[in-house]
Amino acid sequence: MMNRQEAYLLRKTPHGERDYVLTLFTRESGKISGFAKNAKTSGKRFGGRIEPFVLFRARYKERSGGLMLVDDAETVKVFRRLMEDVELFLWGSLALETIDILTPKDAPNEEMFEALTGLFTELDEGRSALPAILEFQLRTLALSGYEPNLETCAECGKEVGDRAHFSIRRGGVVCTECGTRAENGGLISREFLRRRDLMELHLEKVLKYVKLFLRFTEYHTEKKLNSSRFMEELTV
Ligand SMILES: [Zn+2]
């Protein structure tokens, strides 16, 4: 049976001379793996469409063994700025990798798909990248079951105030009484994380949080993001 649905490319691995193994994030089925036969040579079917930062409609057949056979793809939307601007390219790659490591295979998550589309749209429209990335991180962590606990102390269970210590290892905030020992996430402001207007004014602080939640994501998924390397050198 032939299926057709919207998708983003997460990963593309060459397979032999002419084929690719694709990892797609689809609107209705979540993350799936597919096999694109003759994709390297068949510009007519795939040319420029199965690429990062392109929303496309993939047509595929299910095969036994769980791997799909991707037949062709048509472009729905190209997020051109993400392809052309070096910094946006890196942020976009980070977002795709984040989806990849947070999402198990064959687990539909349409809200996650919308979050990615929302982020790409914002970046493509030229809105400031860092606050959009931070909101995307918090949203996708929540949608994938890795949500940091920002409400109650991980040690004593008490509600915390606006400012609290953050512990990556314990998965959330620690109150000021329990957090006297140096926690690895430093001090955070919960109010700040909810206020886009404040974020726009303090991009340096946003970058600090983006790095924090990257480390949080890597720690709890036990996976490494390739694009986190460029983050270390990034300044605002
Ligand atoms: Zn406490």
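Predicted model: local features only at pLDDT ≥ 70, side-chain atom pairs only at ≥ 80, totals over all residues.
Phe53 sits in the loop between α1 (43-46) and β4 (54-62). Phe53 counts as buried, because 23 C-beta neighbours lie inside 10 Å and the cut-off for buried is 20 or more.

A second residue of this kind is Asp106, which lies in the loop between α3 and α4. The phi of Asp106 is near 55°, again a positive value in a residue other than glycine. Asp106 counts as exposed, because it has 12 C-beta neighbours inside 10 Å and the cut-off for exposed is 12 or fewer. The table puts the two side by side.

| Residue | Phi | C-beta neighbours inside 10 Å | Class |
|---|---|---|---|
| Asp106 | near 55° | 12 | exposed |

Now follow the chain to the helices on either side of the Asp106 loop. The axes of α3 (residues 86-102) and α4 (residues 110-124) come within 11 Å and cross at roughly 175°. The two helices are therefore roughly antiparallel, since angles over 145 degrees count that way. Which residues meet where α3 and α4 touch? From α3 come Leu88, Trp91, Gly92, Ala95 and Ile99, and from α4 come Met112, Leu116, Leu119, Phe120 and Leu123. By class, this contact has 9 nonpolar residues, 1 polar residue and no charged ones.

Strand β1 (residues 2-15) runs antiparallel to strand β2 (residues 19-26), and 8 bridges join them. Within this part of the model, Leu9 stands opposite Leu24 in β2. The two strands form a hairpin with 3 residues between them, and Gly16 in the turn has a positive phi of about 70°. Strand β2 also pairs with strand β3 (residues 30-36), in the antiparallel sense and over 7 bridges. Here Leu22 has Gly34 in β3 as its bridge partner, and a hairpin of 3 residues joins β2 to β3.

Further along there is an open sheet of 3 strands in the order β7-β6-β8, with antiparallel pairing. Strands β7 (172-174) and β8 (187-189) stand at the edges with a single partner strand each, so one side of each has no neighbour in the sheet. Direction ignored, neighbouring strands of this sheet are turned by 55° against each other on average. Strand β6 (residues 163-167) pairs with β8 over 3 bridges, and the bridge partner of Arg163 in β8 is Ser189.

Conventions
Residues numbered from 1 in each chain as written. Axes fitted to C-alpha atoms, helices over the stretch in contact; angles between N-to-C directions. Helix = DSSP H or I, 4+ residues; strand = E, 2+ residues; numbered from the N terminus. Parallel < 35°, antiparallel > 145°, perpendicular 65-115°, else oblique. Contact = placed C-beta atoms within 7 Å. Nonpolar A, V, L, I, M, F, W, Y, C, P; charged D, E, K, R; others polar. Pairing = 2+ DSSP bridges.
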